[in-house]
Amino acid sequence: MEQLKIIGGKGLEGEIAISGAKNAVLPILAATLLVEGETVIDNVPRLRDVHTLIEVLNAMGAKAAFTDENQVTVDASHIDNPVAPYELVRTMRASVLVLGPLLARFGEAKVSLPGGCAIGARPVDQHIKGMRALGAEIDIEEGYIHAKGKLSGQRFVMDVVTVTGTENILMAAVLAKGTTILENAAREPEVSDLAHLLNAMGAKISGIGTATLTIEGVEKLHPVRYSTLPDRIETGTHLIAAAVTGGHLLLRRTTPTFLEAVLEKLETAGSLIKRGTDTIEIDHRNRPLKAVSIRTAPYPAFPTDMQAQFMALNCLAEGAATMVETIFENRFMHVPELSRMGADIFVEGHTATTRGVAKLSGAPVMATDLRASACLVIAALAAEGETLIDRIYHLDRGYDGIEKKLRAVGADIERIRS
């Protein structure tokens with residue numbers, strides 16, 4: 001099993017180029033099922049989750065593969081098995097995103113229920129309600145969602161804001177007959193990126209970036225070449241790593257406007273931030289860290305995917321802070337691991353209270369999920385001594401070569417076999 005070995009205490013200095021967004025490329029790859037012919041997607045990160053979704057597409061009869069370092073080509077002309085099997089869906093919940101495009105194009109889909117995961121139940125009830133509202137007949141048998149029928153545009157109000165639910169219904173609606181109005185839709189940049197791709201394919205979607213999406217159904221879409229947006233969560237992770245190590249980084253190929261809630265918290269914590277058109281510069285040299293309270297909420301508020309990383313910062317900051325998690329019920333599993341490194345954290349329900357300590361100490365720790373693993377990397381970069389992080393396959397689900405990028409800006413980090 002692979003581990004990361006990190007010797008902390010070195011300030012990060014230099015430039016990092018941000019990869020394409022995991023949470024954008026996965027629905028975009030699923031959307032390739034809507035068209036015949038070759039769709040080319042650029043700025044694709046080489047992640048475990050991306051490879052899994054490519055496996056899902058190929059299992060259905062598509063021809064999907066990396067055709068360049070960060071380019072994936074998909075030809076979904078001949079889909080002969082519109083099934084997403086449990087063996088693949090269980091390893092990555094985002095596989096459920098094939099439900100909408102399969103149903104829209106073929107009038108039939110069979111997708112495994114993804115089940116629970118480490119950070120919470122994350123149910124798919126909104127996906128199913130949305131498909132039924134569009135006219136699909138859905139049965140749940142032997143752990144699979146069986147969907148079939150011709151779709152027609154309807155008005156649908158989502159009970160809760162859900163990113164993948166919005167994306168799945170959006171992909172189903174683009175080929176439905178008539179107009180669909182989707183209210184209480186997620187506004188995340190990754191949802192907008194999917195909508196822009198669909199419009200480039202010939203869809204008619206308006207209200208992009210708002211909570212109300214209007215989709216005029218079209219008869220057919222066509223293949224395109226499209227480049228995904230930068231990963232705002234990878235961006236935020238590197239920014240926090242610079243802050244806790246007292247470093248100075250320039251992040252290139254990113255989008256500051258998508259991360260404003262995090263940038264504002266970093267400024268409150270004492271970092272100097274310079275925003276460019278597609279760059280962010282952070283300088284935290286010779287500046288104290290100040291504790292900052294946060295509350296996660298749907299975009300454009302503070303993202304749940306940055307909560308764990310910011311907790312690592314608060315553990316070393318002056319003063320106390322509260323961190324309220326409103327999205328997922330089990331997203332404090334990194335707390336015991338941070339405590340092993342000397343952090344002072346108290347958890348009650350959905351609130352974690354941190355009291356900053358003078359130092360963290362390196363220790364053997366274990367990653368429990370994707371963002372928790374990033375949190376432990378950040379803590380280890382700032383800690384005294386050596387930290388060994390186990391179960392880093394979680395990290396590989398969402399960060400493309402993170403140890404290489406960090407090593408290039410001065411971190412003492414390497415991947416080893418235990």
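Modeller: The largest cavity has a volume of about 30 Å³. Please bear in mind that this is a predicted model.

Colleague: What makes a space count as a cavity, and how many of 30 Å³ or more does the search find?

Modeller: A set of grid points is called a cavity because a 1.4 Å probe fits there but cannot get out. The search covers the whole structure and finds one cavity of 30 Å³ or more.

Colleague: Which residues line the largest cavity, and which helix gives the largest share of the lining?

Modeller: The lining consists of A186, R187, V191, S192, A195, I208, G209, T210 and L213. Helix α7 (residues 189-200) gives the largest share, with three residues.

Colleague: How is the lining of the largest cavity divided by class?

Modeller: Five residues of that lining are nonpolar, three are polar and one is charged.

Colleague: The structure holds one aromatic pair. Why is the pair of F302 and F310 called edge-to-face?

Modeller: The ring centres of F302 and F310 are 5.7 Å apart, and pairing requires centres within 6.5 Å. Their planes stand at 90°, and over 60 degrees counts as edge-to-face, so the pair receives that name.

Colleague: How do you know whether F302 and F310 are buried or exposed?

Modeller: Buried means under 20% relative accessible area. F302 has 4% and F310 has 0%, so both residues are buried.

Colleague: What makes helix α10 (residues 307-315) mostly covered?

Modeller: Nine of the nine residues of α10 are buried. They are Q307, A308, Q309, F310, M311, A312, L313, N314 and C315.

Colleague: What is the reason for saying that the charged end of R46 sits over the ring of F66, and that the charged end of K110 sits over the ring of Y144?

Modeller: The charged end of R46 is 4.0 Å from the centre of the F66 ring, and that of K110 is 5.0 Å from the centre of the Y144 ring. The distance limit is 6 Å, with a further requirement of lying within 35 degrees of the ring normal.

Colleague: Which residues does UniProt list for "binding site", and is K22 buried or exposed?

Modeller: The unreviewed UniProt entry lists K22 and N23 under that heading. K22 is found in helix α1 (residues 22-31). Its relative accessible area is 7%, under the 20% cut-off, so K22 is buried.

Definitions and conventions:
Residues numbered from 1 in each chain as written. Predicted model: local features only at pLDDT ≥ 70, side-chain atom pairs only at ≥ 80, totals over all residues. Heavy atoms only, no water. 1 Å grid on protein atoms, 1.4 Å probe; cavity = no way out; pocket = protein on both sides within 12 Å on 5 of 7 lines; lining within 4 Å. Points joined across faces, edges and corners; volume = space filled by probe spheres on them. Helix = DSSP H or I, 4+ residues; strand = E, 2+ residues; numbered from the N terminus. Nonpolar A, V, L, I, M, F, W, Y, C, P; charged D, E, K, R; others polar. Phe/Tyr/Trp six-rings, centres within 6.5 Å; stacked < 30°, edge-to-face > 60°. Buried < 20%, exposed > 50% of the residue type's maximum accessible area, 1.4 Å probe, protein only. UniProt positions renumbered as here; feature names shortened; annotations may be inferred.
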